[in-house]
Every structure is written in structure tokens, then in C-alpha cells.
Amino acid sequence: MAKSIDVSDLNIFYGDFLAVEDVTIPIAAKSVTAFIGPSGCGKSTFLRSLNRMHEVIRGARVEGKVLIDGQDLYGADMDPVNVRRMIGMVFQRPNPFPTMSIYDNVLAGQKLNSKRMKKTEADDIVERSLRSAGLWAEVKERLDRPGSGLSGGQQQRLCIARAISVEPEILLMDEPCSALDPISTSVIEDLIHELKSQYTIVIVTHNMQQAARVSDETAFFNLSGVGKPGRLIEHGRTEAIFSNPTDPATEAYIQGRFG
Amino acid sequence: MTTTLTPPPVDVSRELYGARLPSWGPQAVLAAGVAGAAVSYAAGANLLQAALIAWVICMGLPLWSVAVEGRRKATDRLVTTLVSSAFVLAMFPLFSILWTVISKGSKVLSTDFFTYSMRNIVGEGGGIYHALVGTLLITGAAAVISIPIGIFAAIYLVEYAEGNRLSRWIRFLVDVMTGIPSIVAGLFAYALFVLFFGEGVRMGVGGSVALSVLMIPILVRSTEEMLKLVPNELREASYALGVPKWRTVAKVVLPTSLAGIVTGITLSIARVIGETAPLLIIVGTTDSVNFNLFDGRMASLPVFAFASQRNPGIPPEFSIDRAWGAALVLLVIVMLLNLIARLVSYFFSPKGER
Ligand SMILES: Nc1ncnc2c1ncn2[C@@H]1O[C@H](COP(=O)(O)OP(=O)(O)OP(=O)(O)O)[C@@H](O)[C@H]1O
Ligand SMILES: [Mg+2]
């Protein structure tokens, strides 16, 4: 059961610093949306505000509305813990749990919440998640080894496996492929294609080809200047954004003529 | 007009190599120093004078170096010599204590020494069984009191109160408490227990309370540092999986910092196990074994050593020997605790880090 996201007039703050200003964007259920834009323009910040991870940082807050299937994400009776169970996230930097084995890392969502499972069921989830993340072949012999003993790219795929093993309805991915080789990248892109049939996916990427390959919609963020807040410049069907963007800044960025 | 671009020939041997002391130079000077000390000692100087002579000879190394190698190397040698001397100076008390305690304490060690109390013993014989029991019980109870308080306080400070005013006050008070003289902790425990049990109260658990007062600030501080070392990314990873905060603390933060926390616990125990003054005030001492923390005086190793040395009886030798024996046992316990701390941090640290 995928869910849609509706963001209107969202301002995101770190303390007094307005990092992202006035974002309004609808994100359809069962679609892939790519966020592109220069470094520091607030893509991660915006992404984190979609599953209430933003407020984990001290002093951080948001103003505006985010609706998940019509329900106010920042409503008073919304429990952030439940929100995050429903909306999974892959971070920009891989962060496997160093005290856990590879196996336990994949099942971290279940284990940390003390969910009871049969061994066979657990094995099944681990294998399925690792296969989807394209990591199974590399680690199936050493599932009991610590997760932090993997290479950077393997750790990132482990984190992807961890995020999808809890079967969230929306998956937020912050540059999931930035540390991956082309082969693993294409595995992840295949995964995104496959997940699209059940999940809503939002992905941040610096790779234009990737955005063009995987996404249905593309949103371009930009900074108007140093110290100014990031803004959503335009969004729309990926083909449209890539073939004839309305804003000259978008065109410049996509064609690599930025700055 | 042509210009020649050939650089002037460089005398490689002069640029890169230079006169150097032979590689055995420093060792030779050190050997000379030791020899000089030995000769002067044989000639009737005392140990201190001999050590001074050795040091003066060692300071000859930079002089030799300045003559052969030039200023830069000589400065290096001078500083190296000074730093090494400071190191030796710092190690001196440590080895001196170890040597004294072992040489004087080891002769009373025997099975009897560990299995007999001092009940009805005058002169030779007897042992530290009662004091060992007392020390283990009192320190154990102190640990039971302080570990939860210390760890929960640290968790509160790092995970829940980061930066608010209450946490700043707690941190300030903890810092002040770290410097509390142990006698004050003893008086505090005594005053506290007098409120409940009246003047002249003597109780093992009172000693535990006094030791806790000393232990808690150390524990809070060390645990706090360890919790701060846990990267925020791990907490976020856990939150992002829909794990509530308390579970994140219990299942991600604590396990990740477990090794450091346990090491801190062990070291804080080692720090208070030798405290004498507070136990003297609230626990007193006795010659018999007392297993009950809540009833009357108990012996403990440091107070036993103190009392045996203070009132040795006649003849005094046996009692004084026992005091050294108790001191040695205490020292061994502290060393064991340090060893345990090492092992724990070795075995419990998250493995597989790059
Ligand atoms: N924890 C924080 N506290 C204060 N300011 C922050 C914090 N994290 C990010 N910012 C600021 O918010 C702005 C947006 O940062 P963000 O990480 O969202 O950029 P980004 O678009 O994801 O960049 P990149 O492509 O490099 O990942 C930047 O100006 C950054 O300095
Ligand atoms: Mg980012």
C-alpha cells in the first residue's frame, strides 16, 4: 500500500537558519521522484523532513504542511516513531550498526523493536533483502561477521537492505549510489524499478543519467546565493524537465553549465 | 645568446649526509651513566647521589652531539634526553612502591593469611580474611549503588538533556563532586546514618554510601564521554527504522559503548577500593568476620593495614608485616581490576572496524 506525499509551503529551519524555503510539491503514490540540485541546496534537509528525521537534530524545526495520503505528517497526534516505521530511509553516509552482524543489521528494524519472528521467516527476509540490494552473493558466506567490516559500498547496500527489510510504504534514499560502482548502481536502479510497483520512492542524486533513468518525476532545487535558503525551482515529469525545462537555471544545471 | 641551464654541481654527500654520532652513541652514554653510578655507589655515595651522577653523565650526550653533529641534532638529543629523564623520574615512585610493597608484603602471604581472621590472635599468625570479605562486600555494595545512578545520570545528560540548563547544573555539580575529599564523603555518610540510627553508628553499608559519593561522579564522567563517542549517525539509523528513543539508547547506544562503560566502571572501583578515611569514620574495623553490611563494624583491607600499623601491639613486627601483606593484596586487586578493564575493552569493543 504505497502512499502519496503532498508538501505545501514548507519552510525548514536549523535553529534560526532557514535552510529550505517555501517548497510545494506533490509526490504521487507508486512513483519515483528524483531530487537534483547543487550541493548544499537542501535536498537532504528536505528529504529528512519527509519522515520527521529532521527534528532529531537539536533546534531543527519545520513550518508548513506535509500530507501523507491526506494525513498531516506534523499533526499533533502523529507519532514520529510510527511515521518512521512507515517511511524508510537510506542515508547519504552508510551507517551500519557496528555491534551487529551482517544478518542482524538487515533485521535491525525488527530486532530493535523486539519483533518476534520464526527463524525460517527471519532467514527468508534476510536473503530476500540482501538479494534485492545486490549484496547476497558477496556476504552469504559471512552473515555472522560484523557489518562494519564491509567495504563502504557494501555497507551502503547493507543499509539499503536494512531499510527495505521492514517493508516501508515510502522509501527515501539520499544519494544511495554515490559510493557504488556502475554494476552495484545498476543493481540498485533495478531494485528501484522493482520496488516502484509497491512503494513510493524519493531519491536524491547528483547523477543526471541516474535521475533520467530511474525517475518518473524530477524536482530541481537551487540556491539563490551563499547563505540564502534553498528553493524548489521546478518539478515535473522527468522527460519534460530533461528535454525542455522552463527555468534557465534548471537547463544550465542539467547540461552541466552550472556556476 | 645562449644560457646554460646546467645547475651547479651539488655535493650530495655534504647536503644529505653529515657527521653523525655512531648508532650506539646513546646506549654507550647510558651505559657510561650506569657505570658511573655503580662506581660512585661502590665508593660510598648514596642512591640519590649515584642517580644524580648517572643523569649528569647522560646529559653529556647532547654535548657530544653538538661537537659532532651540529646544533639541530644536538637540540633533538637534548630534548630526547630530558623527556626520557622525566619519564624515568615519573616511573621511579611507581616502581619504588611496587618494590617496597612486594618485598615487605610477600613474606606473610600464605593460605592461612587468606583464610584466617584476626579473632583472638595476639602476635604471630592470623590473616586478612575478615578484611578481604569486608572490602569486597563494601566495595561491591558501593558498585551496586553507584553503577545504576552513574550510568542513568550519564544517559540523561547525553541523550535526554543535551544542552539544557538542568544538565549544565548537573554537570557542574558532578565536576565539583569529583574533587570531594574522601574524608568529606565519609563524614557525609556518617551524618546521614546518624539521622536514622543515632550517634555512634557503625555499618558496612554506610561505607558503601561514602564510597558511592566518590564513585558516582567518576562514573558519570567516564560514561558520559563514552556515550558521546557513539556517532549520531547510529542513533539516526535506529530512529529511521522506527525505533523509539529508549530502545535506541538501550539497544544501539549502550551496546556500542559497552566496552568503554565497563572499563570506566572497573577503573572507578579500582579508584575507591583503597579508600581509608571514609571507612574509618563510618565502618570502623573489627577483628572478626562480619558478613552483614547492615550490622556493626566491618574490617576492610585499607583500614586493616592502617590499624595494624597504628596499634601493632607487642612485639610489633607481626602486625606490621600483616599490614604490608594487606597492602600487597590491595595492590594486586587494583592491578587485577585494571587488567580486567583492559580485557573488557579488548573483547567487548565493536569488531571489524576499518
Ligand atoms: N545539522 C545541521 N545544522 C545546521 N545546518 C545544517 C545542518 N545540516 C545541513 N545544514 C545546512 O543546510 C543546508 C542544506 O544542507 P543539505 O545537507 O540539505 O544539502 P544537500 O542538498 O543535501 O547537499 P549535498 O548534495 O552536498 O548532500 C546547508 O546550507 C547546510 O549547511
Ligand atoms: Mg545531502
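Helices (H or I, at least four residues) and strands (E, at least two) are DSSP runs, numbered from the N terminus. The structure is a predicted model, in which local features need pLDDT of at least 70, side-chain atom pairs count only at pLDDT 80 or more, and totals for chains, interfaces and linings use all residues. Residues are numbered from 1 along each chain as its sequence is written, chains are lettered from A and ligands numbered from 1 in the order in which they are written, and side-chain values use heavy atoms, with hydrogens and water left out.

Two residues of chain A stand out for their backbone. Glu175(A) lies in the loop between strand 7 (170–174) and helix 8 (182–195) of chain A. Its phi is near 45 degrees, a positive value in a residue other than glycine. Most residues other than glycine have a negative phi. Glu175(A) has a relative accessible area of 10%, so it is buried. Here buried means under 20% relative accessible area, exposed means over 50%, and partly exposed lies in between (1.4 Å probe, protein chains only). Asp22(A) also has a positive phi, near 55 degrees, and is not a glycine. This residue is found in strand 2 (residues 17–27) of chain A. Asp22(A) counts as partly exposed, because its relative accessibility is 38%.

Asp22(A) is among the residues touched by Asn11(A). Contact means heavy atoms within 4.5 Å. Asn11(A) is found in strand 1 (residues 5–14) of chain A. With a relative accessible area of 18%, Asn11(A) is buried. Leaving out residues up to four places away in sequence, Asn11(A) touches Leu18(A), Val20(A), Glu21(A), Asp22(A), Arg61(A), Val62(A) and Glu63(A). Asn11(A) and Pro229(A) are 218 residues apart in sequence. In space, they are 9.3 Å apart, C-alpha to C-alpha.

The next site holds a metal. The protein donors of the magnesium ion (ligand 2) are Ser44(A), through OG, and Gln92(A), through OE1. These donors lie 1.8 to 2.4 Å from the ion. Donors are N, O and S atoms within 2.8 Å of the metal (3.2 Å for Na, K and Ca); water is not among the atoms, so sites may look incomplete. Ser44(A) lies in helix 1 (residues 43–49) of chain A, and Gln92(A) lies in the loop between strand 6 (87–90) and helix 3 (102–106) of chain A, so the pair ties together parts that are 48 residues apart in sequence. Gln92(A) counts as partly exposed, at 37% relative accessibility.

Helix 1 of chain A also holds Arg48(A). Arg48(A) counts as buried, because its relative accessibility is 9%. Apart from residues up to four places away in sequence, Arg48(A) touches Met53(A), His54(A), Ile57(A), Met89(A), Phe91(A) and Glu236(B).

In chain A, the axes of helix 5 (residues 119–132) and helix 7 (residues 152–165) come within 8 Å and cross at roughly 125 degrees. Axes are lines fitted to C-alpha atoms, for helices over the stretch in contact, and angles run from 0 to 180 degrees between N-to-C directions. Helix 5 and helix 7 of chain A are therefore oblique to each other. Angles under 35 degrees count as roughly parallel, over 145 as roughly antiparallel, 65 to 115 as roughly perpendicular and the rest as oblique. Ile125(A), Ser129(A), Leu130(A) and Ser132(A) in helix 5 of chain A meet Leu158(A), Ala161(A), Ile164(A) and Ser165(A) in helix 7 of chain A. By class, this contact has five nonpolar, three polar and no charged residues. Ala, Val, Leu, Ile, Met, Phe, Trp, Tyr, Cys and Pro count as nonpolar, Asp, Glu, Lys and Arg as charged, and the others, Gly among them, as polar.

In chain B, the axes of helix 9 (residues 182–197) and helix 10 (residues 204–229) come within 8 Å and cross at roughly 135 degrees. Helix 9 and helix 10 of chain B are therefore oblique to each other. The contact of helix 9 with helix 10 of chain B divides into ten nonpolar, three polar and no charged residues.

Elsewhere in chain B, Thr266(B) lies in helix 12 (residues 245–272). Thr266(B) is buried, at 7% relative accessibility. Its contacts are Leu337(B), Ile340(B) and Ala341(B), not counting residues up to four places away in sequence.
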